[in-house]
Amino acid sequence: MSALRQKMAAYQANGARLGWLLIPHDQAVEVWPASGASQRLEQIDVLKATPEFAGLQLQLAEIWAA
Amino acid sequence: MTLTTSPATTHTAAPVSLDALPPLRLPPGLRLTPEQFELVCAENRDAVLELAADGRVIAITPTGSETSGRNSDLLFQLQTFAKSSGGWKVFESSGGFRLPDGSIVSPDASLVRLERWQALSPEQRRSLGA
């Protein structure tokens with residue numbers, strides 16, 4: 001996990017507008033914004049992106065079940 | 001945007017692939033330029049490799065079937081979004097992105113604004129895009 005977080009931090013430092021780290025084992029998501037700290041979300045079925053990605057959402061329940 | 005899925009921490013039944021590649025052995029002190037890295041990738045089409053900002057080559061372990069199945073559902077959802085809203089291009093994990101710090105990475109899935117993709121030259125699109 002620490003290697004994956006390092007990767008997410010590198011994407012952020014290199015200008016990624018938004019990063020999502022999906023953690024199927026915990027059915028959790030870490031949301032990495034364009035800058036600043038990441039936020040962990042748990043127990044949500046639908047993950048909505050920031051307004052910059054209007055209309056983008058992920059059906060997490062579907063992904064966890066896949 | 002980039003998406004990364006962590007592999008499952010436990011595998012009760014690890015899938016066995018008969019054509020699995022033996023793990024790539026890399027000398028610990030090896031450092032490559034992005035250009036050298038591209039040549040290595042061109043000679044090893046089946047290897048999944050990334051280049052760290054300091055020039056280290058990182059061999060990515062192939063994912064298990066579980067992770068692969070989830071990734072394909074993830075890509076399907078992103079593709080559905082990209083097609084309905086327009087203006088986006090979806091990339092899966094075999095695409096390498098050259099980042100400003102010199103690293104070359106392959107997120108499990110990425111969305112790139114169409115105008116940024118279109119701004120690349122055909123040569124840049126064929127190789128590892130910016």
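Predicted model: local features only at pLDDT ≥ 70, side-chain atom pairs only at ≥ 80, totals over all residues.
## The largest core

The largest nonpolar core holds 21 residues. Those with the most contacts inside it are A:Trp20, A:Leu22, A:Val29, A:Leu56, A:Leu58, B:Leu78 and B:Leu111. Chain A supplies two or more residues from each of strand S1 (18–23), strand S2 (28–33) and helix H2 (60–65). H2(B) gives the largest share, four residues. In soluble globular proteins, nonpolar side chains tend to be buried together.

Take A:Val29. Leaving aside neighbours within four places in sequence, A:Val29 is in contact with A:Trp20, A:Leu22, A:Leu41 and A:Trp64, among others.

## A second core

A separate core has 14 residues. Among them are A:Met8, A:Ile23, A:Trp32 and B:Trp117.

## Helix H1 of chain A

Helix H1 of chain A runs over residues 2–13, twelve residues. Its first and last C-alpha lie 16 Å apart, close to the 16 Å expected at 1.5 Å a residue.

Its buried residues are A:Leu4, A:Met8, A:Tyr11 and A:Gln12. They cover an arc of only 100 degrees around the axis, so they sit on the same side of H1(A). The face turned away from that buried side carries exposed A:Ser2, A:Ala3, A:Gln6 and A:Ala13. Just after H1(A), A:Gly15 takes a positive phi of about 100 degrees.

## A buried serine

B:Ser106 lies in the loop between strand S6 (104–105) and S7 of chain B. Its relative accessible area is 13%, so B:Ser106 counts as buried. Not counting residues up to four places away in sequence, B:Ser106 touches A:Tyr11, B:Leu49, B:Glu50, B:Ser93, B:Gly95 and B:Gly96.

How values were computed: Residues numbered from 1 in each chain as written. Chains lettered and ligands numbered in written order. Heavy atoms only, no water. Core = buried A, V, L, I, M, F, W, Y, C linked by side-chain atoms within 4.5 Å. Buried < 20%, exposed > 50% of the residue type's maximum accessible area, 1.4 Å probe, protein only. Contact = heavy atoms within 4.5 Å. Expected span 1.5 Å × (residues − 1). Arc of directions from axis to C-beta.
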